[in-house]
Amino acid sequence: MPDDQMLLRVEGVTKSFGAVRACHDVTFDLWPGEVLGIVGESGSGKTTLLNCLAGRLEPDSGTVAYRNRADELSDIFAMSEPERRMLSRTDWGFVHQNPRDGLRLDITAGGNIGERMMMVGARHYGNIRTEAETWMDRVELDLDRIDAAPRTFSGGMQQRLQIARNLVSGPRLVFMDEPTGGLDVSVQARLLDLLRELVRELRVAVVIVTHDLAVARLLSDRLMVMRDGTVVESGLTDQVLDDPQHEYSQLLVSSILQV
Amino acid sequence: MTARKSKRAGDETGYNFAYLDEQTKRMIRRGILKAVAVPGYQVPFGSREMPLPYGWGTGGIQVTASIIGRDDVLKVIDQGSDDTTNAVSIRAFFARTAGVNTTEETAKASIVQTRHRIPERKLRADQILVYQVPIPEPLRFLEPRETECRKIHAWSEYGVMHVKLYEDIARFGRITTAYAYPVRVDDRYIMDPSPIPKFDNPKMDDCPALQLFGAGREKRLYAIPPYTKVTSLDFEDHPFDIETWDEPCALCGADDSFLDEIILDDKGSRMFVCSDSDFCSARRAEGHTGPMADDPRFADPEPSPREEVSHAG
């Protein structure tokens, strides 16, 4: 597939919960290998939007179209649920803010990484094991811990395991919901470094939701600023952060804590 | 002669034939028909309160009650044995409420109700094996959400089953799942074969007898029609295998049956005997002997005539 065709086309996505308008008329395109940051304060609809994009929540109106490996652009909510589920465990990844949501805590690290492979029919233990080891290594987890349950891991390790578990299927699009939230600053920095490396190396497109502008600055090519469910500003990351146009973006940028 | 006129033992209890009322039996039969039509698929049914606690075989007993006829001969086994409390009670239950003949001999039975074993003797096409199932959902311990389980079944997203087997190998170096070992029925549904040892899994494959499964508490029926392909899940480099023992049955010398370990004293002596009591005694009657067959402790006080209860009036 040529890289000049968009991977995801989002048009007029709107989702309300009763009277609460969680996200309203969001439109954008995402290209292969591109990292899009969605920033905004808590409650601005970032996560709702992400869930709509990832097919986890059906929007009230609007379409989310994904270009599959056969180069067909199709509305993910028009396809059948098994097709969508198939996409979400092969072509897509979803990194939860809380790794407990994205991991099987009583299954070993190796089993967690191997699950997606077994989901698509891998039936050779040795191969699954080797691949799991490769990925443990890539996300800088100690190979000795491959048979340990994630509940014995630290928060940072759990998050890295979750990333490995998602990337093992070679996804083309990964959704991340505050992947570094809840981690201390040094662990956060290492994780960001790792993410940036993997994303560049694998040429995977990422939609990353964060309230942390530093995370957005480090990882994303493009930025969307959300407030009250609406996109108030979007553009190249450096452009938005260095020269915010909308008053709310200006407020956000100016409220970054300086040390 | 009409069935109404003949006075049967079952009629004297005041219960309908085989305890359940006819509407309930019809409901269960409809469920069974659906289960047979979709091998391995769990069919919900309106399980009734039975006069025994959940976990003692309420599902199996309802299935048996709905398929049994006056001419049937019933055998009930529990842990492979015909003489354990549960087996004796369920056998007595049907002898009383249905007035049917019961037997301990696999070959003479037309319906065999079981929980933990498939008889060692090969079943025939004119026999039905009824399993009592405690937990019908093979995904239960991997996926707690029932809605999600149903989707996984509906769309054959069964990869998660192998995660369990992966875990076994990762932790113990081999697949340690020894009972309720998941199987794939007719290349479609993954099914929990109730708590039979994996030793019995190969017997389900291409079996001439109809196999019916009833889970009373969980209100599910499922079935394996005769001559259906049943495969046990495994990995290419860790193929499915069954248990083996280092010694033969101490009483009948069988080296191809499932053996129970029995502790004899507090000094560590033990014996291995066939879990299928009918199989073992039949072999001994044929003159096969194991290493401890002559031990006076295990000698039958008298070569008892094998129980043959007839309630036919």
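This is a predicted model: local features need pLDDT of at least 70, side-chain atom pairs count only at pLDDT 80 or more; totals for chains, interfaces and linings use all residues.
Local features are given only where pLDDT is at least 70 and side-chain atom pairs only at pLDDT 80 or more, whereas totals for chains, interfaces and linings use all residues. Residues are numbered from 1 along each chain as its sequence is written, chains are lettered from A in the order in which they are written, and side-chain values use heavy atoms, with hydrogens and water left out.

## The interface of chain A and chain B

Chain A and chain B each bring 20 residues to their contact (contact means heavy atoms within 4.5 Å). The area buried between the two chains is about 2,000 Å², and carbon and sulfur atoms give 58% of that area; buried area is the accessible area, taken with a 1.4 Å probe, that two parts lose on being put together, summed over both. Of the area that chain A buries against chain B, 36% comes from Arg85(A), Arg123(A) and Tyr125(A), more than from any other three residues.

The rule finds 13 residue pairs in polar contact across this interface, both residues being at pLDDT 80 or more. A polar contact is a pair of N or O atoms within 3.5 Å; within protein, one must be able to donate a hydrogen and the other to accept it, and residues adjacent in sequence count only if both atoms are side-chain atoms. On the side of chain A that touches chain B, α2, α4 (109-119) and α5 (125-138) of chain A each supply at least two residues. The most is given by α4(A), with five residues. By class, this side of chain A holds six nonpolar, five polar and nine charged residues, where Asp, Glu, Lys and Arg count as charged, Ala, Val, Leu, Ile, Met, Phe, Trp, Tyr, Cys and Pro as nonpolar, and the others, Gly among them, as polar.

## Helix α4 of chain B

Helix α4 of chain B covers residues 146-154, and its buried residues are Glu148(B), Cys149(B), Ile152(B) and His153(B). Buried denotes under 20% relative accessible area, exposed over 50%, and partly exposed the range in between (1.4 Å probe, protein chains only). Seen down the axis of α4(B), these residues fall within an arc of 140 degrees, so they line one face of the helix; the arc is that of the directions from the helix axis to the C-beta atoms. They pack against α2 (81-90) of chain A together with β7 (189-191) of chain B. After α4(B) comes Ser156(B), whose phi is positive, near 55 degrees.

## Salt bridges

Side chains of opposite charge can pair when their charged atoms come close. A salt bridge is here a side-chain nitrogen of Lys or Arg within 4 Å of a carboxyl oxygen of Asp or Glu. The whole structure has 37 salt bridges over all chains, and four are found across the interface of chain A and chain B. Examples follow.

| Glu81(A) | Lys151(B) | 2.8 Å |

Glu148(B) is buried at 16% relative accessible area, and Arg85(A) is buried at 15%. Arg124(B), by contrast, is partly exposed at 35%, as is Arg9(A) at 29%.

A network of salt bridges links Arg85(A), Arg89(A), Glu148(B) and Glu157(B). Glu157(B) lies in the loop between α4 and α5 (159-172) of chain B and is buried, with a relative accessible area of 5%. Its side chain makes a polar contact of 2.6 Å with the side chain of Arg85(A). Beyond neighbours within four places in sequence, Glu157(B) is in contact with Pro82(A), Arg85(A), Arg89(A), Met119(A) and Ile152(B).

## Two further buried sites

Helix α2 of chain B (residues 58-67) is mostly covered, nine of its ten residues being buried. Among them are Ile61(B), Val63(B) and Ala65(B).

In chain A, Val206(A) belongs to strand β8 (residues 205-210) and is buried at 2% relative accessible area. Not counting residues up to four places away in sequence, Val206(A) touches Leu30(A), Glu34(A), Val35(A), Leu36(A), Val174(A), Met176(A) and Val199(A).

Technical notes:
Helices (H or I, at least four residues) and strands (E, at least two) are DSSP runs, numbered from the N terminus.
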